[in-house]
Amino acid sequence: FFFERCSIMADNETPSNAPEHCPGTASEAAGKAAACAGCPNQATCASAPKGPDPDIPLIQERMTSVKHKVMVLSGKGGVGKSTLTKELGLALGNKDFQVGLIDADICGPSLPRLVGVRQEEVHMSNDGWEPVAVDETVSVVSVGFMLQQLDQAVIFQGAQKNGLIKDFIKNVSWGDLDILLIDTPPGTSD
């Protein structure tokens, strides 16, 4: 869905909830034109880089080896998104599906602890970041593997979080996966 939406946005360059005379996200007037007043996208459009994201082709190429992408999300925290992601991933792995897990909850990474690989680290290879193997069928990537101390707080703002999540999609060498499960932060996060 994320990748389909990116390509739709790149094609028509107008958010679906934009006002009638929206100048488009790639326009120099994006977020600044009179038509932008009161639009829920105004601040984002004004500060966003113009034009299509140059990484989209690379991301699309990287994701061609992933058959299914599933985001686990909710508008509220504490409802079990991470637990569901872990349980679904391990259950599918037990059925011999190749499963990747992305812990996109940057400020509250819990998947490394939940799957029992908290002490591991992400390593670099010639093909990108190597996800941490949980077993022969399930692998995971999380900011939790990149912290110097296991209980270290992660204080990232929107652009930093988005950049790291993009890195998890663009730079991780997942190999051939049947399914990629993405554990998202609560809907109240920026």
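Cys107 is partly exposed, at a relative accessible area of 37%. Cys39 is buried, at 14%. Here buried means under 20% relative accessible area, exposed means over 50%, and partly exposed lies in between (1.4 Å probe, protein chains only). The count of disulfides is 0, a disulfide being a pair of cysteine sulfur atoms within 2.5 Å.

The model is predicted: local features need pLDDT of at least 70, side-chain atom pairs count only at pLDDT 80 or more, and totals for chains, interfaces and linings use all residues. Residues are numbered from 1 along each chain as its sequence is written, and side-chain values use heavy atoms, with hydrogens and water left out.

The structure holds 1 cavity of 30 Å³ or more. The volume of the largest cavity is about 40 Å³. It is lined by 12 residues, of which Cys22, Gly31, Cys36, Cys39 and Cys45 are the closest to its centre. By class, this lining has 8 nonpolar residues, 4 polar ones and no charged ones. Ala, Val, Leu, Ile, Met, Phe, Trp, Tyr, Cys and Pro count as nonpolar, Asp, Glu, Lys and Arg as charged, and the others, Gly among them, as polar. On a 1 Å grid over the protein atoms alone, a cavity is a set of points where a 1.4 Å probe fits but cannot get out; a pocket is an open set with protein on both sides within 12 Å along at least five of seven lines; lining residues have an atom within 4 Å of a point. Grid points are joined across faces, edges and corners, and a volume is the space filled by probe spheres set on the points.

Salt bridges number 6, each a side-chain nitrogen of Lys or Arg within 4 Å of a carboxyl oxygen of Asp or Glu. Asp53 and Lys166 form one of them, at 2.8 Å from N to O. Asp53 sits in the loop between helix H2 (42-47) and H3, and Lys166 in helix H6 (residues 158-170), so the bridge ties together parts 113 residues apart in sequence. Helices (H or I, at least four residues) and strands (E, at least two) are DSSP runs, numbered from the N terminus. Asp53 is partly exposed, at 30%. Lys166 is partly exposed too, at 23%.

Lys166 also meets Asp55 in a salt bridge, at 2.9 Å from N to O. Asp55 lies in the loop between H2 and H3, 111 residues from Lys166. Asp55 is buried, at 19%. A network of salt bridges links Asp53, Asp55, Lys166 and Lys170.

Helix H3 (residues 56-63) has buried residues Ile56, Ile59, Arg62 and Met63. Seen down the axis of H3, these fall within an arc of 125°, so they line one face of the helix. The arc is that of the directions from the helix axis to the C-beta atoms. The face turned away from the buried side carries exposed Pro57 and Glu61.

Arg62 bridges to Asp127, at 3.5 Å from N to O. Arg62 belongs to H3 and Asp127 to the loop between strand E3 (123-125) and strand E4 (128-130), so the pair ties together parts 65 residues apart in sequence. Arg62 is buried, at 18%, whereas Asp127 is partly exposed, at 46%.
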